[in-house]
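Hello,

I am passing a structure on to you, with some notes on what turned up in it. Have a look at it before you read on.

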Amino acid sequence: MASEKKSSVRRDRLLEIEVAVRKWWEDEEVYRSESRKDLPKDGEKFFATFPFPYMNGYLHIGHAFSLSKVDFASAYHRLRGANVLLPFGFHCTGMPIKASADKLSREIQKFGNPPVFTAEESTKEVKEVEEESDNQALPGQFKGKKSKVAAKSGGQVYQWEIMRSFGLTDSEIARFQDPYEWLYYFPPLAVEDLRAYGLGCDWRRSFVTTDVNPFFDAFVRWQMRKLKAMGKIVKDNRYTVYSPFDGQPCADHDRASGEGVQPQEYTLVKMEVVKPFPVKLGPLEGKNVFLAAATLRPETLYGQTNAWVLPDGKYGAYEINETDVFVLTERAARNLAYQNFSKIPQKPSCLLELTGHDLIGLPLRSPLGVIEIIYTLPMLTILTNKGTGIVTCVPSDSPDDYMALHDLKAKPALRAKYGVQDEWMPTDIIPIINIPEFGDRTAEKICFDLKIKSQNDKEKLAEGKKLVYLKGFTEGTMIIGEFAGRKVQEVKPIIKTQLIESGEAILYSEPEKPVMSRSGDECVVALTDQWYLTYGESEWRSMAEECLSKMNLYSEETRHGFEHTLSWLNQWACSRSFGLGTRIPWDEQFLVESLSDSTLYMAYYTVAHIFHEGDMYKGSKSLVSPQQMNDEVWEYLFCDGQYPKSSDIPSDLLSKMKQEFDYWYPLDLRVSGKDLIQNHLTFFIYNHTALMASRNWPRGIRCNGHIMLNSEKMSKSTGNFRTLKQAIEEFSATATRFSLADAGDGVDDANFVFETANAAILRLTKELTWMEEVLAEESSLRTGPPSTYADKVFENDMNIAIRLTEKAYKDCLFREALKNGFYDLQAARDEYRLSCGIGGMNHDLVLTFMDVQTRLIEPICPHYAEYVWRKLLKKEGCVVTAGWPASNEPDLVLKGANKYLQDSIVLMRKLLQKQLLGSKKAAKKAQVTAVAEEKLKGLVYVNEQFDGWRAHCLNILQSKFDQQTRSFAPDAEILAELREVLQKEGQAENFKQIQKLCMPFLKFKKDEAIAIGGQALNLKLPFGEMEVLQSNMDLIKRQLGLEEVEIYSASDPNDVAKAGPHASLLKQNPPSPGSPTAIFLNSSKEKRGGMFELQVNRLEDLAYAAVLLPKVLIPLELCRAETSSNESGLERGSLLQAPAQPPDLVSSGVWCFCEDVSIDLMIKMRTRAARK
């Protein structure tokens, strides 16, 4: 409880800081953005936007994650001195709000006010809303298992319950039957949450969409009229995903599930039932009855051997017109009815209900079939939620068909179960297509190769289809029919057209995956006559591709997503008959759909403050009326149109509006989730290229993935969900922003971790305390200019942090910015404090650090930075516009030298531990405990240049390295030259032995050179190792707990001699450039022995320990031993030798005595001096 209270105190301090800072900003209008008369030069202004969120609820962490990217980017550009515009609007157009309001009304009518729900109804609703699809995403499309709406519903399927979860009372909820109530309730709450979050927004420019805002309504009407005049909006019959309940197309944002799903077109083959009909089909006498099979491969119809039905499947005989009846599933009939294939338009007319059993054995005549009469047979793996439930069987090319037929032939009991007669069974498969590698019996070969045993081997069959279907289309050649000898991909469309023109097939479409509208209706594909935007038209697409090619997309994956979308995107239905929004100006029975009124509103932001000035609805303070904003005015403002002489808007106001647009456009950055690439973001590009001059086309789009909470998907039902307001209350805005920055960059899903937010609270408040304490004792800091090695390193680390953080911010890599500008800078400060020792830190550097740290963290944690800037550092003005910190060119040599120093200290510490404690093997054999009483001395030996065979290797690698490609000549060439060099030196006979040593060294240096460049192959480091170590002897002593440190050259015989009897260590572990060797001794000049108490269980362990422990420090022959009992079998002073074989276990307590040496072992020991 105490720790929780302490944590709450720290968080509460941040919350208090945020309240105070927010007031400073609002009083000073820090984020008010004004254009200037002169057009900006590159970098002088930055205009960024975020897709306005839909206002059917509170903002949550998912919104905040995408928003944080544009907020951090804008804050960086504002800090560096740019004039920044970051506006924020609220989207209310379309189906969701209206559908939710209507759902509330229906619930009140059905269950009362307030409603009382039954458990049975709840179960039914849950099944409808939480339906998922396990189909894979299309290539290049970013998709999840659930739509956003389904994911956010959290199992609360009644709209009333959802409203209760918002904290609304029952009496308040009833008001939301009016859809416009939503528009007035949620946007102001969102503004309050975003102000608390610290969004650097010009709130004067905020607005809501729909006709509630007459200015925006006028803007959208102008946009639509202009697009229609340009021929970009046409009326046409097109296949589109459609909601029968709503009576209109169901676009992505109108869907509860199935976002991104498109119509899938099939060829519906009419397989005629041969008369006379069986008894079951008697009611159909006089009609032309067809089993209707949907296929994506009409070219394979030549190879039909039979038709398939699902024995237990439910089918029906549906009237298509006066004479024709199709047998298929109810779902397929429903789709056909909305494609003008039903006797009663938009209503399937079922004459007879059937099962698959009723259809088995029907004789059929099928188009293009080589066999005149084929029969209907049972197949157990047919899916009735895809296609029509009737399937053509082509066993030569379909692995599924081949195995189903194989099972039926091989299992008499299966045939008997379904009454299959022998004469119905095909005798052989019919080869129709030859595919290289597979021949003309493709399915048979792939099933044999993959060892597929039955039609139930679904995974193997899926793998087989993937292997053969694409190759069949791209490489296959027809070997039958009138197109024999021609490529499949060439004749496929021809065969399809011929079948349709001859009346033997029709076009049929259905959603490629299930789609549910927000009204709870399963959607169909309908052939609708309505208004379309002509996306995909060749000239327009070329302009969009040109725009895309010039944009900064920050990620190749994002670019590929756009390129893929442009490759398939076609006409888009832009009108709706249900929902909220702006009316189509020339056809007011329709509304502009929600993805079509949100493609150009970034331009509206530039003048929105003139209309709204804080009133996001009617613009009550505006000096302009909505009626004055006619097409001529919009054209003048945004499209270089003529001055609107007929307008009665004051000329100075018109000029001001024009100045705003010309100054802020083009848009510099748009940030969004990656799921909007396939619709909104691509529409955004299309509309800008159509309506604006190329100089005003958007410059950049930065996409991100979705966000998880604590590595789990956000879900209300599990409680793993946070609104933005909840996150701020729980962690503070500062820690929330910190964790959002740390959550991840790129387009992969990111992870908001509560532990990170809590750690940020602790770390930032501790940093505040440290700064307060240091500033309180400012006079104790070392004065004068920075002069020590540690000073120079710290100053250089700050220069590096400034440069790397700036690059990360420019690249919109905010996790990287946090690492470089906070974590790494903190580590550099901590290292500096440690390096300074008793001399203390330099006053100027400490204050510079505080200044730099504050500015670098400001885009991510602006409240925190503002407080430090004003209250602790006592700076004038506002930190958000303080300017990017100045920096000198980083000294990379100094950086490398310091890394060398720190790495060397780590290496020395390991050597010390090794020499004091011995190997792990010795530690296991002999239990040694203790702490040395003696003072330690370190001898550090340096070899600043590679020599011998290593030098030869490096010289050869230098000559064989291509700096441009960072690649080497073949190893054989390198070794041949090495052999030649050694031969000249007379060492050729030792080449194999030297080669064993060379190969690991060569590989290491090659890898290093490929990673960092040719400098890795230099014989020396770019700095003096001895100079670095000598300059930091005090640090080394303090870090290792040494009394003395001496730095020597391993290449100087006089220096080597100073190691005395320990010089052998330099041969065992020779130093090399970048890797010094250290020897640790007792710092006393007097030679003395030592008594060490060891508990051992074997006599041989005694000998092993006695030899191993000292062997690093003293020669073996100086080891003597004495015992405290006669059980050991050793005489006093006997020479200890490591045993060759471990003997039987004995128990012995022993004293080990090492004579006439300087000993320094860090073990607990009872010692008594033993002078020689």
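The 14 residues of helix H21 (residues 651–664) should span 20 Å at 1.5 Å a residue, and the end C-alpha atoms are 20 Å apart, so the two agree. The expected span is 1.5 Å times one less than the number of residues; helices (H or I, at least four residues) and strands (E, at least two) are DSSP runs, numbered from the N terminus. The buried residues of H21 include Leu653, Met657, Phe661 and Trp664, where buried means under 20% relative accessible area with a 1.4 Å probe, protein chains only. H21's buried residues pack against strands E1 (45–49) and E2 (83–85) and against helices H19 (601–611) and H20 (631–638); contact means heavy atoms within 4.5 Å.

Please keep in mind that this is a predicted model: local features need pLDDT of at least 70, side-chain atom pairs count only at pLDDT 80 or more, and totals for chains, interfaces and linings use all residues. Residues are numbered from 1 along each chain as its sequence is written, and side-chain values use heavy atoms, with hydrogens and water left out.

There is also an open sheet of 3 strands, in the order E30-E27-E31, with mixed pairing; two strands pair if DSSP finds at least two bridges between them. Its edge strands, E30 (1044–1049) and E31 (1077–1082), each pair on one side only. E27 (residues 936–942) and E31 run antiparallel, joined by 6 bridges, and valine 940 has alanine 1078 in E31 as its bridge partner.

Finally, threonine 534 sits in the loop between strand E19 (524–533) and helix H17 (538–549). Threonine 534 counts as buried because its relative accessibility is 9%.

Best wishes

Definitions and conventions. Buried < 20%, exposed > 50% of the residue type's maximum accessible area, 1.4 Å probe, protein only.
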